[in-house]
Amino acid sequence: MGIENDIYSMNDWLLPGADHLGGLVVFISAIAILAVAGALIGFIVSSIRNGPFEAFYAVGRIAVESVPELLSISPRRVGAMTWLAFQEAIRKRALVAFALFMVVLLFSGWYITPNSESPVRLYLSFVLTFQNWLLLLMCILLSVFSLPADIQNKTIYTIYTKPVLHWEIFLGRLFGYIGVGSMMLVAMGVCSYVFLYRGLDHTHQIDPQSVTELTDTDDDTGETKVIGWEGETTFNVGHSHPFSLDADGDGLAARERQHTHQVTRNEDGTFTVSGPKEMLQARVRHLGKIRFLDRGGEPTNKGINVGNEWDYYGHIEGGTLSAAVFTFDMSDALLNEENQLPMEFNLRVFRTYKGDIVSGIRGSYYFKHPDLDIRSRSIPFTAKEEAETVLVSRSQENSDIDPTAPNLDLVENLTNADGKIELWIQCSERGQYYGVAQNSVFILKSNGSFFWNFVKCYISMWFQVVMVVTFGLVFSTFLNGPVAALASLIALGYGFFAESVRELANGEWYGGGPVESSIRLFNQKNVMVDLDEGVYVNIVKFIDARFFDGLRVFVNMLPDYNQLDTHSFVVDGYNIPGVVMIQQLLIVGAFFVCLVTTGYFFLKTREIAG
Amino acid sequence: MATTETMDSAAETPSASNEIVIETRNLTKVYRDFWGRQKVRALKALDLEVRRGEIFGLLGPNGSGKSTTMKLLLGLLFPTSGQALVFGEDPSKVSIKERIGYLPEESYLYRFLSARETLEFYGRLFDMPASVRRERIDKLIEMVGLKWAERRQLKEYSKGMTRRIGLAQALINDPELIFLDEPTTGLDPLGIREMKDLILRLRDEGKTVLVTSHQLADLQDVADRIAILHQGELKEMGRVDALLKVRDETQIRARGLSDAAKEEIRQVIQRHEAELIDIENPTTTLEELFLSIVRDSEARPGRRARVDRDDSAD
């Protein structure tokens with residue numbers, strides 16, 4: 001299970017909560033910090049050169065001019081600048097990156113075959129990851145060198161002496177490079193889709209001689225009739241499928257290597273096997289909210305942490321009252337045609353002793369009314385650290401012996417007035433643990449379109465392209481090409497480690513901040529030992545706290561590219577929720593506004609011929 | 001050195017009016033390093049006025065400050081102190097740039113574009129209808145003689161061809177004020193002549209031209225007034241013909257003299273009844289004047305050049 005990002009509702013994500021500031025507050029704070037820092041730095045630099053009075057006037061003038069300039073942006077001039085940037089990128093061979101992608105794609109067929117255990121995962125991971133990095137790298141190179149080269153070659157003189165606003169120069173280039181990136185993304189996407197379908201497409205044959213006919217004899221009449229067929233397909237691309245057909249000669253082959261095939265018996269006794277089915281999926285998840293109970297059955301903030309590697313998961317202890325409780329929004333619409341609730345369990349297992357590896361760790365789950373003390377009987381299951389689909393019957397046995405209500409209906413009896421139902425999961429084996437997170441257990445709502453899921457994944461990639469190009473261009477307004485490229489790479493690299501830095505800024509790492517860590521290093525004290533009491537400790541902690549404050553600001557100034565990465569949804573066959581796309585759009589929009597403004601002021605205050 | 005005359009008045013420039021198009025007041029530019037320390041004082045308290053309809057030449061050796069002056073007037077540099085005004089406003093204002101054209105020293109153009117694409121691109125930066133733009137592009141390409149190569153990328157152009165397309169882009173908006181930085185650089189003699197003719201034609205159309213050049217003869221031929229800069233200071237400014245006039249010598253030009261008459265010409269030219277064409281103060285060349293000012297400036301740095309001339313006489 002690759003998806004480890006919790007998915008918040010728009011309200012939870014945007015508005016302040018108990019444990020987070022919310023996107024809106026962070027955005028407003030970022031704008032305020034940028035404005036104050038920009039004005040202050042501008043004033044200091046200008047003061048050194050021209051004195052405080054002139055500096056005050058200069059900063060004020062630039063700030064005041066920026067608004068009418070923003071309002072008088074001309075689409076025609078932005079269009080001209082965009083066209084120029086587009087032409088420049090194309091004629092300076094930016095499409096080489098696409099050619100490189102195509103060459104690698106063509107030859108990758110030698111090494112990536114559908115013979116692997118998880119061919120879909122392999123193909124999608126390769127295609128999406130490779131092209132994402134290639135594209136982002138190209139976008140960095142595209143965006144960081146152009147403006148410095150223009151300044152160095154003085155071609156920008158002929159632009160600056162025309163009636164072009166700084167906004168227009170910046171936006172024109174930005175749109176041009178985003179346009180090139182978008183064009184390549186679309187081209188790569190189309191090629192990837194074709195590669196994927198062609199690479200994974202295969203079929204099998206069935207030898208009619210090897211198929212067993214299933215018959216049934218009527219006890220009364222003694223008549224024998226055919227009730228189906230059983231057999232196995234030929235061994236192609238590293239696997240074969242056992243199958244069983246109904247009396248009409250139709251059926252699905254057993255699921256192997258993440259897919260199945262439709263098998264049909266023809267009138268002449270031969271069999272037809274379709275192409276792979278249910279291979280490229282986009283299952284729509286209906287997620288709930290999770291809370292934990294500790295070993296005494298008391299509510300706790302999070303599950304047990306068994307180490308950094310499994311930090312995302314809260315663990316519940318086996319053989320105790322410890323439980324993970326999911327609260328779902330429940331309705332009839334979630335049940336399938338057979339009145340079953342399709343669910344998927346992806347529980348992690350943490351063992352303190354080896355036990356029986358093959359059989360997994362035993363546990364149980366039951367449904368409970370959120371407000372009343374009524375619940376269904378526990379259903380045992382075994383967690384094997386792999387996704388398991390469970391079809392839960394709508395009618396569940398009552399855990400209490402109540403002759404008037406021996407069964408409980410999931411919707412009618414166990415769902416409260418707010419439409420909520422609770423699912424309790426417990427681990428039965430003492431000394432063993434289940435790792436549970438929001439994404440671990442969910443209701444399978446429906447099967448979405450893989451194509452649209454694929455498109456949504458590419459929209460996320462496009463968001464990354466926009467971010468990378470915008471960052472690169474902003475860096476290039478005040479740095480020379482190679483330094484801007486380095487800065488962009490660091491920003492990109494940082495984006496993929498942002499979660500760790502955020503944890504550090506929130507004081508979630510052991511050992512304190514830089515000063516405390518240095519003292520620990522010097523005194524050879526390990527991170528779990530408290531420092532001695534004393535005034536100096538307070539001073540050290542105060543300095544570290546300010547460092548963390550600064551780091552928190554920094555954390556919110558650079559993007560967390562993990563938040564813009566949805567390829568794990570596609571690889572794992574899950575639909576990308578709309579709310580995730582909207583949140584990504586807002587993140588990119590917020591960064592875009594801040595960065596474009598920053599780029600404008602850098603250009604505006606830069607002495608272009610200096 | 002012969003005495004020359006300064007006449008700092010545009011009133012006598014044929015097509016110039018009294019409207020001031022460019023004005024600098026105590027304009028100073030100091031280049032600083034990253035730490036804000038002074039590196040070079042490129043321009044020192046320059047006071048200058050250029051009037052509508054005149055061709056004004058900025059003359060000076062390398063590092064004299066003429067390019068800095070032009071960049072300050074174009075808003076490419078910010079003044080350290082003083083003020084530069086174009087059409088009475090700060091040159092960084094976008095509205096000013098609707099009315100100016102600029103031919104840079106080198107052809108700072110996008111070499112991946114063709115000539116037509118270049119003009120199309122720069123034309124789109126101005127507020128003009130597409131039909132007018134296309135018409136102007138056709139006209140300018142015709143004017144600079146690059147019709148035959150209009151579809152070729154500029155990277156395939158010779159230096160002279162690039163200068164021509166550079167000039168075309170400077171004129172794409174039919175500007176009132178044209179900045180020409182070393183316009184004859186890279187041109188062959190025929191191209192130089194055409195460039196001079198064009199500058200004069202622009203003046204005749206009522207446009208104001210500010211031109212810098214290392215080719216002293218170029219300015220001598222076309223400029224109404226010139227300013228000579230050295231080491232960032234204004235050393236001389238005035239009408240070209242006045243600056244070059246040598247007042248303490250008399251030049252006699254005659255035609256049809258016999259060999260015998262030539263022998264006696266110094267004493268009795270009139271007595272031999274030759275046709276007297278002209279008697280006037282001879283002029284030196286701008287090159288001589290320029291070198292004289294530079295020599296004087298180096299001998300007495302920080303002071304206005306002292307050439308032997310009689311300012312009062314006119």
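Leaving aside its neighbours within four places in sequence, F179(B) is in contact with M70(B), L73(B), L74(B), I100(B), Y102(B), L103(B) and L210(B), where two residues are in contact if their C-beta atoms, placed from the backbone, lie within 7 Å. This is a predicted model, in which local features need pLDDT of at least 70 and side-chain atom pairs count only at pLDDT 80 or more, while totals for chains, interfaces and linings use all residues. Residues are numbered from 1 along each chain as its sequence is written, and chains are lettered from A and ligands numbered from 1 in the order in which they are written.

F179(B) belongs with C139(A) and V465(A) to the residues that have the most contacts inside the largest nonpolar core, a set of 160 residues. A nonpolar core is here a set of buried Ala, Val, Leu, Ile, Met, Phe, Trp, Tyr and Cys residues joined through C-beta atoms within 7 Å; a residue is buried if 20 or more other C-beta atoms lie within 10 Å of its own, exposed if 12 or fewer, and partly exposed in between, with the C-beta atoms placed from the backbone. A second, separate core has 33 residues, among them I316(A), L341(A), L423(A) and Y433(A).

Where the two chains meet, 26 residues of chain B and 25 residues of chain A take part in the contact. On the side of chain B that touches chain A, the elements giving two or more residues are α1 (66-74), α2 (94-97), β5 (100-103) and α3 (115-124) of chain B, and α3(B) gives the most, with three residues. Helices (H or I, at least four residues) and strands (E, at least two) are DSSP runs, numbered from the N terminus. By class, this side of chain B has 17 nonpolar, three polar and six charged residues, with Ala, Val, Leu, Ile, Met, Phe, Trp, Tyr, Cys and Pro counted as nonpolar, Asp, Glu, Lys and Arg as charged, and the others, Gly among them, as polar.

Chain A has 14 helices and 21 strands, and its C-alpha atoms fill a box of roughly 110 × 70 × 50 Å, taken along the principal axes. Of its 610 residues, 34% count as buried. Chain A is divided into domain 1 (10-200 + 449-605), domain 2 (208-269) and domain 3 (284-447), the bounds coming from an automatic or database domain assignment; the centres of domain 2 and domain 3 of chain A, taken over C-alpha atoms, are separated by 36 Å.

An unreviewed UniProt entry lists several spans of chain A as "transmembrane region", including residues 94-113 and 478-497; its positions are given in the numbering used here, feature names are shortened, and annotations may be inferred rather than shown by experiment. Residues 94-113 of chain A are 65% helix and 0% strand, with end C-alpha atoms 30 Å apart, whereas residues 478-497 of chain A are 85% helix and 0% strand, with end C-alpha atoms 25 Å apart. G189(A) sits in helix α8 (residues 166-200) of chain A and is partly exposed, because 19 other C-beta atoms lie within 10 Å.

The strands of chain A can be followed next. Strand β1 (residues 212-217) of chain A runs antiparallel to strand β2 (residues 224-232) of chain A, and six bridges join them; two strands pair if DSSP finds at least two bridges between them. T217(A) has T224(A) in β2(A) as its bridge partner, and G222(A), in the hairpin of these strands, takes a positive phi near 75 degrees. Four bridges then join β2(A) to the antiparallel strand β3 (residues 242-245) of chain A, where P242(A) stands opposite E232(A).

Elsewhere in chain A, six strands form an open sheet in the order β9-β8-β11-β19-β14-β15, with antiparallel pairing. The edge strands β9 (299-300) and β15 (379-383) of chain A each have a single partner strand, so one side of each is left without a neighbour in the sheet. S364(A) has Q426(A) in β19(A) as its bridge partner.

In chain B, E182(B) has a positive phi near 50 degrees although it is a residue other than glycine. E182(B) is found in the loop between β6 (177-181) and α6 (189-204) of chain B, and it is buried because 20 other C-beta atoms lie within 10 Å.
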